[in-house]
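Open the model in your viewer and keep the selection tool at hand. The tour below makes a few stops.

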Amino acid sequence: MKLVDQIRRFPDGVRNDYNLNRAKNAFRTGTQSLPSATNRYLLEKVPIVNWISNYSTKWILNDVIAGLTIGVLLVPQALAYAKIATIPLQDGLLASWVPGLLYVIMGTSKDISTGPTSIIGLLTAQIIADVSKEGFTPAAIASAIAFSVGIYALIMGLLRLGFLLDFISLPVLTGFVGAAGLTILIGQVPALFGETGVGSGVANQIHDIITKLPQTKPLTFVIGFSGIFLLQLLQFLGKKYGKQYRVFWILSIGRNAIVLVLFTGISFGINKDLKKPLFDLTSTVPSGLVAPSAPTGTIISKVFSRSIAVFVAAALEHIAIAKSFARRNGYVIDESQELTFIGATNLLNSVFGGMAVGGAFSRTAVNSESGVKSPLSGLFTSATVLASIYFLTGAIFWIPKATLSAVIVAAVWQILVPVSVFYQYWKTSLADFTASQIAFWVTLFLSAETGIELAALFMIAYVLLRSAFMHVKTITPFDYTLALQKGDEPEPTELPQGIQLMRLSQSITFVNAYSSKNDILESVQTYNLGVPPRQVPDAERSWSDVGAQNIATLRARAQVSSSTLPQFRFLILDLAACPYIDTTGIQALKDLKAELLSYGGESIELRFTGVGDSVRTSFERAGWILGEDGRDGAFDTVADAILAPVNPVKTSTSTEGTFDEEQGYDDDVKLVGSRSASAAYKSRSAMF
C-alpha cells in the first residue's frame, strides 16, 4: 500500500521539486535570452566593431607615431628575447608581426604592446633544453609551445575561466619573477665576457663563469659593457630631461635600436675584411616570412603539460599590464577577451614559426607615453617589423653577441625584485614570505614551472589548513558586557543616500581577493553615480566607452534608473566575518580604493567596521594604518561609520602619480596583485 501511495505522489513530487523547478526556470530563461546573448558574445570577440565607427581622424597621426616607435623598440627586443629562448633570431621577428595586426581587431586596450618577453623567453629555453635531447629542433619546440599556450588561453578566454589565475598569488609571482630575472642575467654573463664552454643551470653557470674569468676576451668585454653603459645613460637622460627636451625622450625610447645600429656599424667596419672576426657575431638570419606550417602532434604532446607555466606567466603579465594602463588612462579592458586574443595570436604564431608572446611592460609604457589613441597603432608596429624581416636581416649578421646580451641585461635589470619587497612580505605574513621564497629558490636552482607549482601548492595547502584549524576565541562575561555597552546605540535601519555598505562573509585571500573587489566595485557603480566625465575636445576623448556601457548594463540588470541614483559618498566594508586577510587581499583593497577615487572623486572615503585584531595587525604590518575616523577609518559599528564626519580631501592620496618610463607610476596605491604597478609593480607587471 505504501508503494502505491508513493507512486501516486510521485508526479506531484516531481512537479513541486525545488531543484527541478530551478533547472526548468533556468533553462527557460536561458533559451529566451540565447539569441541576444549569442549576438553580444560574438560582438565581444571583435571589439573593433564597437570603436572603429567612432574613430576620429585627428587620432591617426598619434597612432602612426606610436606604432612606428614601438616597432623600432620591438625589433631589437625580439632579437634579444629570441636569444634568451635559445631559438634562431629570426623566430623572434616572426613572432612579432602577427600580434599587432590581430590586436587591432581583437584588443580591448589602446596601450598594450604584445610580442616576445624576457620571462616567456626564459621559460621557453628551459623546455627546449630538455625536449631538444629527443632530437627536436629549438624552432619546432618553440612553435609547439606557442601552440600549447594558444590552446590554454583560447579555452580560458572563450569560457571566461580567467578567475582560475587567481590561484597564483602575488608573493608567488614576486618570487618567480625575481628568480627568473636573475637567471636571465646570469645566463648573459658569458657572452659579455667572451667565455665559452659554460654549462647550464644557475649553479653550474656561476661556477664556470668564475673559473673561466682568466679567459675573458678584452674586446668583447669592452663592447658588452660599453653597450650597457650607453643604454643606461640614454635611459637616464630620457628620465631627467625627456619632459623638457623632446630629443632626449626620443633618444631614450629608441636606445635599443641606437645601440644596435651603432655597434653593428662598428662591427662591420672592423670585421668586414677579416676571415675570422675579432669577436663573436650573430649568425645569418634568413629574410622574409616562412611558409605556414603547424607543429606536429608528436612534439605538441612533449611540451603541452610543461607549457602551462608559460601560459600562466604570459596571461598574468599581459592582463596585469593592460589593467594598469587602462585604469591610468580612463577606460576598461575585458579580461576574457584579452585571454582570447592571447590564444588566437599564439596559435597563429605557431603556424608562422614564432615563439609564444604576451604583453610587455616597457613597450606598453613607451606606447602610452607616445600618445597612442587606439589599437590601430598595431598596424604600423607590424609594418615596421615586416620591413625589418624583409630588408634588414642582412645587417643582423654583424651584430656583436655581446651587444645583444647588453640589450638583454639593460631590459631585465628593470624586473629584478628589490629585497625590500620580500622584507615587506616578511613583515606582513610569514606564509606569503615563505611562498615567495619557495618560488624564488626553486625557480633559481631547479626550474620555473616547478617553482610556480610548488609555491602555489604551498599557498593552497596553507589556506585549506587555515580553514580546517579555525581559531575560536572565548568571550568572557566581561567581554560581553563591554560589547553590549559599545552597542547601546542602535544601527540605522536603512542607509543614507550615497553610502554603500558591503559585508564580507569570509577571509580575503589570493583565491577570492580580486573577484570580491570586482563585485564591490560593480555594486557601487550600479547603485551610485560617479563624478561626471570631463568634457574634452574630440581629439582628446577616449577611444573606448566600454566602461560606461558596462555600468549601463549593470543598472539595467538591477532595474534601476540613473536619474534616481544618489551621488556616491563613501563605502563601508564590514569585516566582522573576515578573520584573516593576506598580502594579495590587502593589495586588492588598495586597488579598490584607487578605483573608487577614480569613479567618485577625491572626496570618496573607504571606511571599515568589525575589524578584528588579526586583520588590523595584517593591515599595520603591510603599512596601511586604519584610523579612528574618516578616510581609512576603522569603526566599532556601522552607525559609527555612517555618522563620522567626512574628512577634507588630502592631496597626498591622489592616484594620478608621476610617470616614469619603464618604472611605471610613482604613487601611493600601486597595481600589483593578480591584476595590477613601481617597487610593488616590480612584483607583478613591471617585472615582465
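This is a predicted model: local features need pLDDT of at least 70, side-chain atom pairs count only at pLDDT 80 or more; totals for chains, interfaces and linings use all residues.

By type, the residues of the H4–H17 contact divide into six nonpolar, four polar and one charged.

Now widen the view to both helices. H4 spans residues 60–84, and H17 spans residues 361–369. Their axes come within 9 Å and cross at roughly 165°. Angles over 145 degrees count as roughly antiparallel, so H4 is roughly antiparallel to H17. The handedness of the H4–H17 crossing is right-handed.

Next, go to Gln205. Show helix H10, residues 202–211, which holds this glutamine. Is Gln205 buried or exposed? Its relative accessibility is 15%, so Gln205 counts as buried; the cut-off for buried is under 20%. Select what Gln205 touches: Ile186, Gly187, Val198, Gly199 and Ser200. That list leaves out residues up to four places away in sequence.

Last stop: the sheet. Colour strands E3, E4, E5 and E6. The four form an open sheet in the order E3-E4-E5-E6, with parallel pairing. Which strands sit at the edges? They are E3 (499–503) and E6 (634–635), each pairing on one side only. Zoom in on E3 and its partner E4, residues 570–574. The two pair in the parallel sense over five bridges.

Key
Residues are numbered from 1 along each chain as its sequence is written. Side-chain values use heavy atoms; hydrogens and water are left out. Two strands pair if DSSP finds at least two bridges between them. Axes are lines fitted to C-alpha atoms, for helices over the stretch in contact, and angles run from 0 to 180 degrees between N-to-C directions. Angles under 35 degrees count as roughly parallel, over 145 as roughly antiparallel, 65 to 115 as roughly perpendicular and the rest as oblique. A crossing is left-handed if the near helix is turned anticlockwise from the far one by less than a right angle, and right-handed if clockwise. Ala, Val, Leu, Ile, Met, Phe, Trp, Tyr, Cys and Pro count as nonpolar, Asp, Glu, Lys and Arg as charged, and the others, Gly among them, as polar. Buried means under 20% relative accessible area, exposed over 50%, partly exposed in between (1.4 Å probe, protein chains only). Contact means heavy atoms within 4.5 Å.
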